[in-house]
Structure formats: structure tokens, C-alpha cells
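Subject: Structure handover

Hello,

I am passing this structure on to you, with the sequence and the model below. My notes on what turned up in it follow.

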Amino acid sequence: MGYLNNSVITVDAILTTKGRQLLAKNDGSFKITQFALSDDEIDYTLYNPLHPSGSAYYGEAITNMPLLEAFPQETQIMKYKLITLPRGTAKLPILAIPDVVNLKQGQSLVITPETLNYVGGNTFENSGYTATISDVRLMSTFMGAGISDPAILAMNTTTTLGTNMSKTVVGTTINLKATTTNVLFGTSATAGAKIFATLTIEGRDSGARLTIPVTISKI
């Protein structure tokens, strides 16, 4: 990680982890179809309409803030993506999902996210939700359901062969089943031992995003 020189206009773009995987295949499967913008570093409370030098300096503190160099760690960057909401929106949309996920080995859970304060009320988003588990090894099943787009179906069925990495799926519902293996708990772990990850869910239409802790208990 580093800081970018903010004395000139800078565009710093990188590929996501998934994009880098596709690029490495070198088989033509790498095609950029979408991008995202964010303003993670910006503290808008620094905007000062009482600045003694006048309106040209109201945002001086903001424009002088250092910008972070982009890096492909979804839990640390792009948390506050720029979104377009309907005119007249008075509240930012938020997600209604469980506060935590606590599962025992082999236990299943279906999460059906709902978006609050969106388009005048509460709704289930037509484009569904993206869900990213920080360590897919904790799950024997991690799938999205409810979206029939072929590209989404292909992404939802991709496996990682036990690699310590995140995985992202898309759906109107997210299906989870905790691992049944004991390897991740360690050879000396007893019943009740725990392993941890995080689950990030984001509305594909609203941009509402929430990260919750995931705990798997050995039985």
C-alpha cells in the first residue's frame, strides 16, 4: 500500500482478485465488463463553509488529503462505492441480514438479504446481491441462487480446490454450509474449537454493503 501524489489528477485502476485469475488463464476469458468507483479516503466532515478565505476554500482540507494507492483486498478497499440513487432519496439504503453467522460443522444456512430505505421503501433487489466469504475453505457449500444470467451461474459454480482465498457469488439468496472437515481446526482442537472468517454482502442495485463475522464451531 502507498499514497498517491494528489497534486495532479490521478486515476489508479487495478484488477480484482477474480480479474487477475482470469487474466492469468490467458485463454480469452478475461473481459472487463464493469468497474466501480469509491471515495474511501474522503472525510466529508472536513468541508468547511465557514472558511475565512471564502467559498473557494470550503473543500481545501478534503482536496489536500492523501489518496490511497489501489490494492486488491476487498475487505480493506472499495468499502464506500459511488452509487446513483433516485432523486429525492432522503436515507441511504441499508441491508437487513443477520448480524453474525454462527454455524457448527456441517450446518446449513440460507441468507435472503433485503434492502431497506431503497426506492421509497424496503425491497429485494432485482439484480440480487454479491456475497464474498473471506476464506472459502470454511464452507463446503457457498452458492448464490435466484439469478439466471449465464455469467453469474458460471461464477457461482467456480470452485477453489481448497485454496485459502475469498470467493464471491451472486444471488437473491445465499446458501452456506459449514465445512465438515477437521483440518482447519488443527490436530489438537477439541469440540467447540472455532475458526473465523467474514462475509460481505452488497446490493447490486443500491450499493448498500455490510460485513459480518462468520464463526464455525467444531463438533
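Predicted model: local features only at pLDDT ≥ 70, side-chain atom pairs only at ≥ 80, totals over all residues.

Residues are numbered from 1 along each chain as its sequence is written, and side-chain values use heavy atoms, leaving out hydrogens and water.

Salt bridges

Arginine 209 forms a salt bridge with glutamate 202, and their closest N and O atoms are 3.6 Å apart (a salt bridge is a side-chain nitrogen of Lys or Arg within 4 Å of a carboxyl oxygen of Asp or Glu). The glutamate 202 end is buried, at 12% relative accessibility. How many salt bridges does a search of the whole structure find? There are two. One of them joins the side chains of arginine 137 and aspartate 135, at 2.9 Å from N to O. Here arginine 137 is partly exposed at 29%, whereas aspartate 135 is buried at 9%.

The chain as a whole

The protein chain has three helices and 13 strands (DSSP runs numbered from the N terminus: helices are H or I with at least four residues, strands are E with at least two). Its C-alpha trace spans about 65 × 40 × 40 Å along the principal axes. Of its 219 residues, 29% count as buried. The chain exposes about 13,600 Å², and carbon and sulfur atoms supply 56% of that area (accessible areas come from the Shrake-Rupley method with a 1.4 Å probe; for residues, only the protein chains shown count as cover). Among contacts between residues at least 6 apart in sequence, 69% join residues at least 24 apart (a contact means heavy atoms within 4.5 Å).

The core

The largest nonpolar core has 26 residues, and Phe142, Leu199 and Ile216 are those with the most contacts inside it (such a core is a set of buried Ala, Val, Leu, Ile, Met, Phe, Trp, Tyr and Cys residues joined through side-chain atoms within 4.5 Å). At least two of its residues come from each of β4 (101-104), β8 (129-133), β9 (139-145), β11 (173-178), β12 (194-203) and β13. With four residues, β12 gives the most.

Threonine 215 sits in strand β13 (residues 209-217) and is buried at 12% relative accessibility. Not counting residues up to four places away, threonine 215 touches Val101, Asn102, Leu103, Lys194, Ile195 and Phe196.

Tyrosine 47 is partly exposed at 46%, and tyrosine 58 is partly exposed at 21%.

Phenylalanine 35 is in the loop between α1 and α2, where it is exposed at 72%. Together with Leu37 and Leu82, Phe35 makes a nonpolar surface patch of about 370 Å² (patches are made of residues with over 30% relative accessible area and no salt bridge; like charges are joined within 9 Å, and nonpolar side chains, namely Val, Leu, Ile, Met, Phe, Trp and Tyr, within 5 Å).

Positive phi values

Most residues other than glycine have a negative phi. Asparagine 26 has a positive phi, near 55°; asparagine 26 is in the loop between α1 and α2 and is exposed at 70%. Asparagine 117 has a positive phi of about 65°. Asparagine 117 is in strand β6 (residues 114-118) and is partly exposed at 28%.

Regards

Methods
Buried < 20%, exposed > 50% of the residue type's maximum accessible area, 1.4 Å probe, protein only.
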